[in-house]
Amino acid sequence: MIKTLLGQVGEYKKDSILTPVFTAAEVFMEILIPFVTAKIIDEGINGQDMSKVYMYGGLMLVLAFLSLFFGVMAGKFAASASTGFACNLREGMYRNVQEFSFTNIDKFSTASLITRMTTDVTNVQNAYQMLIRIAVRAPLMLICSMIMCFTINVELSLVFVAALVVLAFGLFFIIFKVTPIFDEVFRNYDNLNASVQENVSAIRVVKAFVREEYEDKKFGKAAEVLAELSIKAESLLAFNNPIMMFVIFTCMMLLSWIGAHFIVSGSMTTGNLTSLFSYVMSMMMSLMMLSMVFVMISMSMASMRRISEVLEETPTMTNPDEPIMEVPDGRIDFNHVDFVYKAGSAEDTLKDIDIHIKSGETVGVIGGTGCGKSTFVNLISRLYDVKPDGGSVWVGGHDVRDYDMEVIRNEVAVVLQKNVLFSGTILDNLRWGKADATENECREVCELACADEFIDRMPDGYNTWIEQGGSNVSGGQKQRLCIARALLKSPKVLILDDSTSAVDTATDAKIRQAFATKIPNTTKIIISQRISSVQDADRIIVLDNGMVSGFDTHENLLKNNTIYKEIYDVQMSGGGDFDEKMN
Ligand SMILES: Nc1ncnc2c1ncn2[C@@H]1O[C@H](COP(=O)(O)OP(=O)(O)OP(=O)(O)O)[C@@H](O)[C@H]1O
């Protein structure tokens, strides 16, 4: 984990090394200052020698200036190293997430990925800044101050060594108690983010079902749990200061009392006692800082682990060593395919699918909810891989695993069931299909997808701004834009996964007619719950519980496939979709 994280320091290594170097220099300057103070008091003031006062005063000024300079430099490099490190972590995670296969994506929730890229990275950034600065400064200061104290007076030094033990015990007891609470705090951040993400993205559904109050309560509860845990942790941390102050003042009183005896008996000078006080203060402060470093680091351990989980996640799908860079045609072969989402599941999602589709053919896929239609098409563009011994899926005469992944996904265009548009103009959205498409090309595909009619009615036409998630266009309009976007890729295989469900039947028929005449060489796979959407297809696959129950023309299926015939009869008599028959 540590190796993975440190690997992300990258170009900020130099800043990360310079920070402790300048911090050490700053500490050495600060350590010398009380020593010079003692000289001013003993040799200058007590010795009635103004020249010594000026000389040591000047030296002190130089030391103070150098300490300031080194401190500023250390702060500057620490800030640059930690923010740069955080930026690299975010970029590294984001890059890896882009490489994730769907199997990888299924492992992490969106909310958890967001928390990891925001809150977790901020924690690690703060911990890293502390590590390269305070974690160097505090122990160095502690050791140097202790050495100075012992050189001044051994007996007095033993007083604060005892005090240090008490303080260390108190502070580390608090850390021990507080660390597990912080672990829980970060786990709860995931729940809070999940609640925000789910509700904000589904705000329309929330309103439609009048669930505001319920959702409000749900969020309130998550926020309350988080607040309670944070209060618990902070309340424990609040003891830090009083314990520290108690030990410091007790220590000071003891030092003053014993020190006064030493001064009166002539075995110690006033200057030495003054510098001893300064060193003791520095030591206590260092210990306090050290305890904070431990809190911060233990707080961020959970974050570190969560970040490295994303960074170390290896994509389950990779390109072959010598990938095929061209898909010859739109032939599709499923050779006895078995597929399961999670290894070890009791039942396969797809079972022994053996189907052969010709290039340019239009194939309908029909079946009940959850029977595996989307899963079936996801294998064609290699969004998932088949089981290790679960047959193979071929496109254009080659196993999909032998292609370059970008090539196969460009040639197999999928209009997913859940259509997503991005904020930007209609043209921007269409050009996701082909970055350099001209406006004319965009218009052509929009005509094919019957999207031109509503775009032309919009005041800004193709430059109309689409809001995030396509919230300012209707479901049917969104579907047509997504079909146009896929067409712009001029793919060898076009898959429509129930993507005309929100389009009226007349427009649906028009789109299919356009496909048949304008893109005859593209293999078209149309998933639908409506028989009317697939009955014109060359052949239709009837899926039932992950298995192929029939694969033939509409007419032959009506004659030979009882499931298909029954659905047809139900839908023709005004019934609903596939599932109504199944129930
Ligand atoms: N990412 C996933 N992880 C685990 N199981 C999944 C995943 N996606 C789908 N499934 C399961 O696989 C089965 C087939 O799902 P699939 O989406 O292929 O069905 P479908 O026929 O397309 O259904 P619908 O018509 O409702 O879209 C279902 O039982 C579903 O719960």
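**Sheet, helices and burial in a predicted model**

An open sheet with 4 strands runs in the order β2-β1-β4-β5, and its pairing is antiparallel. The model is predicted.

Q: What makes β2 and β5 the edge strands of this sheet?
A: Each pairs on one side only. The edge strands are β2 (350-357) and β5 (398-399).

Q: Why are β1 and β2 called a pair?
A: Two strands pair if there are at least two bridges between them. Strand β1 (residues 332-339) and β2 have 5 bridges, in the antiparallel sense.

Q: What holds strands of a sheet together as pairs?
A: Strands pair through backbone hydrogen bonds, either parallel or antiparallel.

Q: Is α17 largely enclosed or largely open, and how do you know?
A: A residue is buried if 20 or more other C-beta atoms lie within 10 Å of its own. In α17, 11 of the 13 residues are buried, so the helix is largely enclosed by the rest of the structure. Among the buried residues are K478, R480, R485 and L487.

Q: What covers the buried residues of α17?
A: The cover includes the strands β6 (412-415) and β9 (493-497). It also includes the helices α14 (426-430), α15 (439-448), α16 (452-457) and α18 (505-518).

Q: How do you know whether the span of α10 agrees with its number of residues?
A: Helix α10 (residues 240-264) has 25 residues and should span 36 Å at 1.5 Å a residue. Its end C-alpha atoms are 36 Å apart, which agrees. V247, C251, L255 and G259 are buried in α10. Just after α10, G266 takes a positive phi of about 80°.

Q: Which residues are called "transmembrane region", and where does the name come from?
A: The name comes from the UniProt annotation, an unreviewed entry. In the model, residues 21-41 are 100% helix, with end C-alpha atoms 32 Å apart. Residues 159-178 are also 100% helix, and their end C-alpha atoms lie 29 Å apart.

Q: How many helices and strands does the chain have?
A: The chain has 22 helices and 12 strands. Of its 583 residues, 37% are buried.

Technical notes:
Residues numbered from 1 in each chain as written. Predicted model: local features only at pLDDT ≥ 70, side-chain atom pairs only at ≥ 80, totals over all residues. UniProt positions renumbered as here; feature names shortened; annotations may be inferred. Helix = DSSP H or I, 4+ residues; strand = E, 2+ residues; numbered from the N terminus. Expected span 1.5 Å × (residues − 1). Buried ≥ 20, exposed ≤ 12 C-beta atoms within 10 Å, placed from the backbone. Contact = placed C-beta atoms within 7 Å.
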